[in-house]
Amino acid sequence: MAVGGVGTSLLLMAGIMVTVGLCRRLAHRRLRSHQRLCAFLLEMFSTFQICACTNELCLLSNVEPRPHTALTLTYGFTVLHGLTLTGSTCNPCGTLQPMWGGGIPVKMGGLKIGAQFVAAVLARLFMRFIWSLGMAEPHFGALSQDCSHPMQTTETQAFCIELLFSVVFQLTILRVESVNPKYKVHLIALLITMLVYAGGNLTGAIFNPALAFSLHANCFYDKFLSYSLVYWIAPSLGTILVAFIWDEILPRIS
């Protein structure tokens, strides 16, 4: 793949991040008094950024040298997301965990999860439009791809992998809450990169239901039951398991 094509993709993702940053700032300033609408838009804009950028990053997965380039980009953009999207979870599982523990009201949690899935759909539609313009070499043929079949193992193994990764990720999020934010973002990015390296070739290592739908909507259409079990139910169960252990079991032990 030509360096120019990669550069165009990087500029596109940078443009998305700048635009989302401006939209978030505008929504925060103008809609601060409308709490629910502001929360919905902030979560939607943030999730849109992650879904749109990850859709583009997936096109760069075969850039040489493999897998070093893809992992470096994963780490770098995860850090950037963490620095620019403070206050947003961008993951239904990340919203489900405080809902389970009573940290946020059910209505507000449901509103944020709705915003995340709306953003997932909008990001997919937006990226397909961008790809149709043929701005860069990675975009050529992207629209002709059907289901990319991210599951390269049995459904049972894929279910267990996504559940395990969700447990590890959510536990880490809880453990690093007290860490200095400028260090925490790098710890989380490193963890995500390690999980992608460990399981990316088996399930994609997504552990985010909204992101999974944005990346693989065609797969959900073709095999809804299988993909909803692996990419929706498994990470959600992992999150509930972590919340139960963290809130009910660990306090009794300590």
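How far apart are the end C-alpha atoms of helix α2 (residues 35-58), and what should its 24 residues span at 1.5 Å a residue?

Reply: The end C-alpha atoms of α2 are 35 Å apart, which agrees with the 34 Å that its 24 residues should span. The expected span is 1.5 Å times one less than the number of residues. A helix here is a DSSP run of H or I with at least four residues, numbered from the N terminus.

This is a predicted model, in which local features need pLDDT of at least 70 and side-chain atom pairs count only at pLDDT 80 or more, while totals for chains, interfaces and linings use all residues. Residues are numbered from 1 along each chain as its sequence is written, and side-chain values use heavy atoms, without hydrogens and water.

Helix α2 is largely enclosed by the rest of the structure, because 19 of its 24 residues are buried. Buried means under 20% relative accessible area, exposed means over 50%, and partly exposed lies in between (1.4 Å probe, protein chains only).

The loop between α2 and α3 (68-84) holds Pro65 and also Pro67. The peptide bond from Glu64 to Pro65 is cis, with omega near -5°. The bond from Arg66 to Pro67 is also cis, again with omega near -5°. Most residues other than glycine have a negative phi, and most peptide bonds are trans.

His149, in the loop between α5 (106-132) and α6 (155-175), is not a glycine, yet has a positive phi of about 50°. His149 is partly exposed, at 44% relative accessible area. Ala205 also has a positive phi, near 50°, and is found in the loop between α7 (181-199) and α8 (209-215). Ala205 is buried, at 6%.

Arg30 counts as exposed, at 65% relative accessibility. Arg25, Arg29, Arg30 and Arg32 gather in a patch of positive charge on the surface. Such a patch takes residues with over 30% relative accessible area and no salt bridge, joining like charges within 9 Å. A salt bridge is a side-chain nitrogen of Lys or Arg within 4 Å of a carboxyl oxygen of Asp or Glu. Lys and Arg count as positive, and the charge of Arg is placed at CZ.

How values were computed
Patches are made of residues with over 30% relative accessible area and no salt bridge: like charges are joined within 9 Å, nonpolar side chains (Val, Leu, Ile, Met, Phe, Trp, Tyr) within 5 Å. Accessible areas come from the Shrake-Rupley method with a 1.4 Å probe; for residues, only the protein chains shown count as cover. Helices (H or I, at least four residues) and strands (E, at least two) are DSSP runs, numbered from the N terminus.
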